[in-house]
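Dear colleague,

Please find the structure below, followed by an account of what was found in it. I would be grateful if you could read the two side by side.

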Amino acid sequence: MLKVTNYQTATIDPYGKGLGRLPSASVQLDEAARLEWNLLNEDVSLPAAVLYADRIEHNLKWMQAFVAEYGVKLAPHGKTTMAPQLFRRQIETGAWGITLATAHQVRAAYLGGVQRVLMANQLVGKHNMAMIAELLTDPEFEFFCLVDSVEGVEQLGEFFGAAGKPLQVLLELGVPAGRSGVRDAAQRDAVLAAIARYPRAIKLAGVELYEGVLKEEQDVRDFLRGAVATTRELASAGRFARTPAILSGAGSAWYDVVAEEFAQASAAGKIEVVLRPGCYLTHDVGIYKKAQADIFARNPIAKKMGEGLLPALQLWAYVQSIPEPDRAIVGMGKRDSAFDAGLPEPARHYRPGTSGPRNIGADEGWEVFGIMDQHAYLRIPPGADLKVGDMIAFDISHPCLTFDKWRQVLVVDPTYRVTEVIETFF
């Protein structure tokens, strides 16, 4: 039996980037406040990844309230943060479980105390299967993975049959030119027939899809309605081994549409709808800000809930050089921030020793126009009061690829006092 780790007793890594000076004695992750670090007092090394505690709390409650309006469940995609401390916070706020993508991520979540995982991916390879089989020795751990091929079912059936550990699977539906998932009724029926050949090893628990590969709302709705029909058909035929059966979908862009279309299935009582957005926890100022604006434009429930999701993750870095009047070089780069969905955006400027940060932005002429491994090229407006040693906070687009560049992330309160250190497991 694997030993579940209590991350409340895990300690801060004294050699991690973005941290401050540590005493000789170890300090627990959730006891960082006693170190009395303050970001603005230069008590921590920059660059640093920073989470704002009040905004995280707002986003947690907002999304949980949203899914409650539809009577559906939430299993946030943990690949965004890969932080069991944050997983536990999501579950404590009401999440049904955590979604993950790989066997190693599942193991990290389990060791962090997560007891229900939906792996929104196929489980392939003997060592990956062995990792999951080991976790299934815990009778309180509930796990699901996806199947979309006869070959995949056969490999799972043979392995878990020999291991004597029944595996719950969800039939994945797909679309032409999309990602994984069965494309038509013939493929679906072949996979279902394969599952039936392994009654002891493979248990069909529900239906899953990922609608994020589609770009048009009507295409998304058609896909979702087909999934509802398939799930009802299988439920009526008694094909599910779990009651209630699971119907799952929703990334971070179309979760409102998925909630609308799937809620009718949930209302029947025999089907449990599980949504899987992950980026809501930290949100961003790029691709997910746009997605949220679209949601507010089309969804009446989101509109009535007041202030929506707030960007809760920033990167802080020092100005290292001002070689030209309109250009500064900042000590932050590709090793620190996502850059696949837009460059970091300057948001705040602070000079150590002054009263507090001030907001800056593109409307004033501040812009990152290039990024290297450890440097960002910052365009500055004419006459800007900027000096070497000043601190700049950057908003980001795409939190997933920012988190995976950080082993430890600081949590700060509204006064920029560090209250906790979050550990990631990529």
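In what follows, contact means heavy atoms within 4.5 Å, and axes are lines fitted to C-alpha atoms, for helices over the stretch in contact, with angles running from 0 to 180 degrees between N-to-C directions. Helices (H or I, at least four residues) and strands (E, at least two) are DSSP runs, numbered from the N terminus. On that basis, α8 lies across β7, β8 (245-249) and β9 (271-275) and runs at about 170° to β9.

This is a predicted model, in which local features need pLDDT of at least 70 and side-chain atom pairs count only at pLDDT 80 or more, while totals for chains, interfaces and linings use all residues. Residues are numbered from 1 along each chain as its sequence is written, and side-chain values use heavy atoms, with hydrogens and water left out.

The sheet

Eight strands form an open sheet in the order β2-β9-β8-β7-β6-β5-β4-β3, with parallel pairing; two strands pair if DSSP finds at least two bridges between them. At the edges stand β2 (73-74) and β3 (98-100), each with a single partner strand, so one side of each has no neighbour in the sheet.

Strand β6 (residues 167-173) is joined to the parallel strand β7 (residues 202-209) by seven bridges, and leucine 167 stands opposite isoleucine 202 in β7. Strand β4 (residues 116-122) and β5 also run parallel, with four bridges between them; here leucine 118 is opposite phenylalanine 144 in β5.

Six of the six residues of β5 (residues 142-147) are buried, that is, under 20% relative accessible area with a 1.4 Å probe, protein chains only. Glu142, Phe144 and Leu146 point one way from β5, and Phe143, Cys145 and Val147 point the other way.

The helices

The axes of α7 (residues 217-236) and α8 (residues 255-266) come within 10 Å and cross at roughly 20°. The two helices are therefore roughly parallel to each other, a term for angles under 35 degrees. Their crossing is right-handed, meaning that the near helix is turned clockwise from the far one by less than a right angle. Among the residues that meet are Val220, Leu224 and Val228 in α7 and Val257, Glu261 and Phe262 in α8.

Aspartate 256 lies in helix α8 and, at 0% relative accessibility, counts as buried. Leaving aside its neighbours within four places in sequence, aspartate 256 is in contact with Phe66, Ile295, Arg298 and Asn299.

Yours sincerely

Notes: Angles under 35 degrees count as roughly parallel, over 145 as roughly antiparallel, 65 to 115 as roughly perpendicular and the rest as oblique. Buried means under 20% relative accessible area, exposed over 50%, partly exposed in between (1.4 Å probe, protein chains only).
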